[in-house]
Amino acid sequence: MQPTAAFAMTGLALLLSACGSRAEAPVEQIVVRQPGAVAASAPVGAPDAGDPVAAGKVAFAACAACHSAAPGAASGIGPNLHGVVGRAAGSAPGFSYSPAISKSGITWTERELDTFLANPAAKVPGTSMAAGQVTDAPRRAAIIAYLASLKD
Amino acid sequence: MNEIAKPAQRSRAAKWSRRGFIGAGVLAGGTLLIGVAVRPGNPVGKLGSLVAGGQGEQLINSWLKIDADNIVTAIVPHCEMGQGAHSVLAQMLADELDADWSLVRVMQAPADGSYVVTDTIRGFVAQGTLGAPDWLEPTWNGLFTRIGRLADGMITGGSSSVRTTGQHTMRIAGAAARQMLVGAAARAWGVPAAEITTAGSVLSHKASGRSAPYARFAAAAAEEDMPQTPALKAPGDYRLMGTDAPRTDIPAKVNGTASFGIDAVVTGQTMTYAAVRRAPVPGTRVAKMDASAAKAMPGVLQILNMGDFLAVVADSYWQAQQALNAITAEYTAPESSIRSSQDQFARFSAALDEAGEAGGKEVIALGDAKGAMAGAARKISADYQVPYLAHAPLEPMNATVWVRDGKCEIWTSTQVPLMARSAAAKALDISADDVTMHHPLLGGGFGRRLEVDYVIMAARIGQATGYPVKMIWSREEDTQKGLFRCADMSRFTGGLDARGRLVAYNNVFTQRNDPADACDCAFYDIPNKSIRVAEAELHLPFAAFRSVDHSQQAFFIESFIDEAAQAAGRDPLEFRLAMLGQSPRHKAVLEKAAAMAGWSTRPAAGRGRGIALTESFGTIVAEVVEVDMSSGKPRATNVWCAADPGFAMNPDGFRNQMEGGIVFGLTAALYGEISLRDGAVEQGNFHDYKLLRMDECPAIAVEIINGKHEKLGGAGEPGLPPVAPALANAIFAATAKRIRALPISKHFA
């Protein structure tokens, strides 16, 4: 059967009707504070976006599925990262690293961590860390600041 | 970034014309840019700035570029939502270009009008024919281009990427580029072009023993005349098309580096997050809000009453959602008197009653349905109904926006980037040119992301804050406040003649959206038909769902055909085959599925098999479902699927789409139901809006018939429609219980 022209238009009508219309302004707008600004009475535990260590602690959630960071805590899928800044790569006790990390000869300075997290597989080809790439530089810096703050 | 040369510096190759589908231009430094388009004017400069990459990179055309390392990048104007369009479109281009598949990359085309997928719009009407039907020809370049632009037609939907963009654009781009590279090499080597062969991204001249990678002649190719109608390969010459070329998007998805809309980060900015709550009943608004508790909660930056929804902006999504939960609100009274699902279905049946045997809007009238019915030896009738469905993509609705200085930047997963761009522009009262869209991978679309409601909401929040905000809907918001596959009801009467043939077919239903022919089963030889639509009010807003109207119509039609077979005392397969005399491809597909299932053998005790045949989006699909009823509840153990898409460009990808459609369709058939209470949606999350689980997934076998390479069908949707009726028919075969209302699980609670 040959479709008629009227047939043809139904699909297009669907598309055309989906367009937006001029929006109304907010009826009420309550501004508590600006992003990054410290809360007047900072609630306990709320991260302060201006403080990289606090921001890094929040961002570390992306790593926490595989890494613990508490002193003495057991390693998970990835090694415990407590005190990792300044430590030789592949040296967390009891964790079985890939040869790639063990033989890398890297010492985890903040700089080395930055290139590693920017692209783990490029920095250490063959590493078994399959996720955890952080492409956003400020976020990387925050995570590293947080890791650096973890010292006994 | 390469600089864009003035039009005066264009090469002689630059000749965009109204009928010329291919044009070219040169960027500063001699870089070539060619495009395939159906629009007048020369968009080279603008496109060049959007897709140009690093130094030493040659833009062979707006759908492909070649860099100094001989890497070919296909620039694909469709979105990737798991259906594999990016990869298979690149595969088609690479085949015509004779490129080495391991050296091919894919880039998402920027959201610019020049990439309007006019062919998709065409595909909706022309149903995948390679050439336009005569009756459409005069309007193609005029009407459809215009409508395409009006509708911001850079869309991914209608199972159309391969059969429209792939066939009409990607292949032509690849073939044209190949021809120009050959021309440039022939000139440089002083040999006839016909003696040059291409393979694996290398040009070779056998007689003189010369060869060179494509990259070497990419710039020189700009000086070649442009073939306006490059010769495309015949199926016998395909090297990549028709093969299981590995998908380019899989590695990033497996190793976790693939970036979806919800992963958006505004570099260098403090991210903030918005949680939103719309009024629970469609059409109602916020009458009053009390945010006194929310204001004091951790992380809260702003609280917004936008009139039609509430929003909390906070340092993190969790804090925003927690504070939102602490807001109490009152809403305006709904206008619609539909309060419950029963109310909704009562509207439908009233509309069907009112339409009667001949009322409503006529869709198809064939022969003399009334006369044939009057003379029928035996009459049957049945009503069927389906509930509303939510799309439930795993990536919930979200959009990140930054509105500042009269400009707006948006990051979001969408099937319609251009439509999203203009909707945001309109909402913000700025020009679409001042809106920059980033549209990464989609974590599921299924039609939900053909809508731009969530983009508009995010833009309005961003306008109020002035700083970057990522708005994320909770799963509950996504399930309850979005747009839905419509509920519907369909009424059939049929007349069988003395020999048990279906000679009269009368059908009326209440919802008709798309595609136009979804309500028909034209492949069956039924001489007298009256198909009508009696429109009835829908309480929840509509959005296309995977396979759109076919998702309900196939259940209606193929259940009724099964009932007709039963009334005629015939085997469901035999009954259908007898009606396929005029449709050899459909017959072959149906026979294939039956053979795969061993239809002629008896299923084990407690089991039954059901069959269904559909054609949607140009692809013919038959499925046989085997169901095990021995526990008292249906368990689909097997699905055998035979499909004829004309020609499967990537058989592995095609099978994968059939499997996905079957699982999606089983979810809908068994469990899918959005119901109403007090005018609002009752379900909220996956505990009460169930998806098919791993352990419930049947064994699925798919076989492909390449029945007509010059007329391609789609892949994303056609696997879904037959599965619901095939399952219901299987349950009938096993139990003699006829399922006329979905979801099926409700009948066995």
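**Helix contact in chain A**

1. Pro52(A), Val53(A), Ala55(A), Gly56(A), Lys57(A) and Ala59(A) of H2(A) are in contact with Arg139(A), Ala142(A), Ile143(A), Ala145(A) and Tyr146(A) of H7(A). Sorted by class, the residues of this contact are eight nonpolar, one polar and two charged. The model is a predicted one, and the points below should be read with that in mind.

2. Two packed helices are described by the angle between their axes and by the distance between those axes. For helix H2 (residues 52-59) and helix H7 (residues 137-148) of chain A, the angle is about 100° and the axes are 7 Å apart. Angles of 65 to 115 degrees count as roughly perpendicular, and H2(A) and H7(A) are therefore roughly perpendicular to each other.

3. Chain B contains 19 helices and 29 strands. Its length is 749 residues, of which 63% count as buried. Taking the contacts in chain B between residues at least 6 apart in sequence, 75% join residues at least 24 apart.

4. Which residues of H9(B) are buried? In this helix, which spans residues 317-325 of chain B, they are Gln319(B), Ala320(B), Gln321(B), Ala323(B) and Leu324(B).

5. Glu682(B) sits in the loop between strand S28 (680-681) and strand S29 (699-704) of chain B. Its relative accessible area is 37%. Partly exposed covers the range between under 20% (buried) and over 50% (exposed), so Glu682(B) is partly exposed. With neighbours within four places in sequence left aside, Glu682(B) is in contact with Gln480(B), Ser675(B), Leu676(B), Arg677(B) and Asp688(B). Gly719(B) is 37 residues from Glu682(B) along the chain, and the C-alpha atoms of the two are separated by 29 Å.

6. How many cavities of 30 Å³ or more does a search of the whole structure find? The search gives six. The largest cavity has a volume of about 100 Å³. It is lined by 14 residues, and those closest to its centre are Arg485(B), Ser551(B), Ala668(B), Ala669(B) and Leu742(B). Two elements of chain B, helix H18 (651-670) and helix H19 (723-735), each give two or more residues to this lining. H18(B) provides the largest share, three residues. By class, the lining of the largest cavity has 10 nonpolar residues, three polar and one charged.

7. The second largest cavity holds about 90 Å³ of space. Its lining consists of Ala518(B), Asp520(B), Cys521(B), Phe523(B), His550(B), Gln553(B), Ala554(B), Ile557(B), Glu558(B), Leu613(B), Thr614(B) and Glu615(B). Helix H15 (550-568) and strand S24 (607-616) of chain B are the elements that give two or more residues to this lining. The largest share, five residues, comes from H15(B). The lining of the second largest cavity divides into six nonpolar, three polar and three charged residues.

Note on methods
Residues are numbered from 1 along each chain as its sequence is written. Chains are lettered from A and ligands numbered from 1 in the order in which they are written. This is a predicted model: local features need pLDDT of at least 70, side-chain atom pairs count only at pLDDT 80 or more; totals for chains, interfaces and linings use all residues. Side-chain values use heavy atoms; hydrogens and water are left out. On a 1 Å grid over the protein atoms alone, a cavity is a set of points where a 1.4 Å probe fits but cannot get out, and a pocket is an open set with protein on both sides within 12 Å along at least five of seven lines; lining residues have an atom within 4 Å of a point. Grid points are joined across faces, edges and corners, and a volume is the space filled by probe spheres set on the points. Helices (H or I, at least four residues) and strands (E, at least two) are DSSP runs, numbered from the N terminus. Ala, Val, Leu, Ile, Met, Phe, Trp, Tyr, Cys and Pro count as nonpolar, Asp, Glu, Lys and Arg as charged, and the others, Gly among them, as polar. Axes are lines fitted to C-alpha atoms, for helices over the stretch in contact, and angles run from 0 to 180 degrees between N-to-C directions. Angles under 35 degrees count as roughly parallel, over 145 as roughly antiparallel, 65 to 115 as roughly perpendicular and the rest as oblique. Contact means heavy atoms within 4.5 Å. Buried means under 20% relative accessible area, exposed over 50%, partly exposed in between (1.4 Å probe, protein chains only).
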